[in-house]
There are 2 protein chains.
Amino acid sequence: MFSPTALAAAFDRVQDYWSPKVIGQVNDQLLKAAKLKGELVWHAHDGQDELFYIVKGSLRIDFEDGAVDLKEGDFLTVPSGVRHNPVAADECWVLLIEPASTLHTGDEVTSRTRSLAEQMS
Amino acid sequence: MFSPTALAAAFDRVQDYWSPKVIGQVNDQLLKAAKLKGELVWHAHDGQDELFYIVKGSLRIDFEDGAVDLKEGDFLTVPSGVRHNPVAADECWVLLIEPASTLHTGDEVTSRTRSLAEQMS
């Protein structure tokens, strides 16, 4: 039988900042819970959009031509190939929707890059 | 420049029950806002999962082997090909995530079936 997932409660699995956990799937897209604080790194995902939905707190996403502020309950799709850098002044809980193959640091591999296996754990 | 969408405010566009409106997209999946009340119809979507996220209220989804109750903040992916029937005792606001090609009544075409053009309007 099917069991629903409580979105906010799913964030209990997330222990570390910038370390998304897979909490659901629809077709070829994964739903990931992430807790963010500070800034990530400038990057892009070629061929893959990435949706940010703010579950708690707020998030600024810097783009090369300006910044967008997301409040709790807002979502924004960062289109494929667009360079961006998420910046959270305070702890922010984000639901990400992106293809199974997306690395959250995109074309940049850093100490914060997490493999899909790590995201499933 | 990019503009965020406030999820709850996006439901202002939805005037009628069982008449989803497209409010966003990520890769090949559409995000749709729908207000539900009463029951839809038994149907399945072959080859297409459909995700339900409860923005306001609660929803029961009947399956052939039982029912699942979704509360506000819960989500559930109905897998491809699984027959289901959403039933809302009271008004319920649902975010749907499904492929651009999905009809919300699946393999059943009823008076409640809405074309993609109608969902974009």
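How many residues does the contact take from chain B and from chain A? The contact takes 38 residues from chain B and 38 residues from chain A. The views below are of a predicted model.

**View 1. The interface of chain B and chain A.** About 2800 Å² of area is buried between chain B and chain A. Carbon and sulfur atoms give 67% of that area. Look for B:F2, B:N27 and B:F75 on the chain B side. These residues supply 25% of the area that chain B buries against chain A.

**View 2. Polar links across the interface.** Between chain B and chain A, 10 residue pairs are in polar contact, with both residues at pLDDT 80 or more.

**View 3. The side of chain B that touches chain A.** Several strands of chain B give two or more residues here, among them β2 (21-26), β3 (29-39) and β8 (84-99). Strand β6 (66-70) is also one of them. β6(B) gives the most, with 5 residues. What kinds of residues make up this side of chain B? They divide into 20 nonpolar, 11 polar and 7 charged.

**View 4. Strands paired between chains.** Strand β1 (residues 5-6) of chain A is joined to β7(B) by 2 bridges. The two strands run antiparallel. Find A:A6, whose bridge partner in β7(B) is B:D74.

**View 5. An aromatic pair, A:Y53 with B:Y53.** Over all chains, the structure holds 5 aromatic pairs. In this one, the ring centres of A:Y53 and B:Y53 are 6.3 Å apart. Why is the pair edge-to-face? The ring planes are at 70 degrees, and over 60 counts as edge-to-face. A:Y53 lies in strand β4 (residues 50-56) of chain A and B:Y53 in strand β4 of chain B, so the pair joins two chains.

Technical notes. Residues are numbered from 1 along each chain as its sequence is written. Chains are lettered from A and ligands numbered from 1 in the order in which they are written. This is a predicted model: local features need pLDDT of at least 70, side-chain atom pairs count only at pLDDT 80 or more; totals for chains, interfaces and linings use all residues. Side-chain values use heavy atoms; hydrogens and water are left out. Contact means heavy atoms within 4.5 Å. Buried area is the accessible area (1.4 Å probe) that two parts lose on being put together, summed over both. A polar contact is a pair of N or O atoms within 3.5 Å; within protein, one must be able to donate a hydrogen and the other to accept it, and residues adjacent in sequence count only if both atoms are side-chain atoms. Helices (H or I, at least four residues) and strands (E, at least two) are DSSP runs, numbered from the N terminus. Ala, Val, Leu, Ile, Met, Phe, Trp, Tyr, Cys and Pro count as nonpolar, Asp, Glu, Lys and Arg as charged, and the others, Gly among them, as polar. Two strands pair if DSSP finds at least two bridges between them. Rings of Phe, Tyr and Trp (its six-membered ring) pair if their centres lie within 6.5 Å; planes under 30 degrees apart count as stacked, over 60 as edge-to-face and the rest as tilted.
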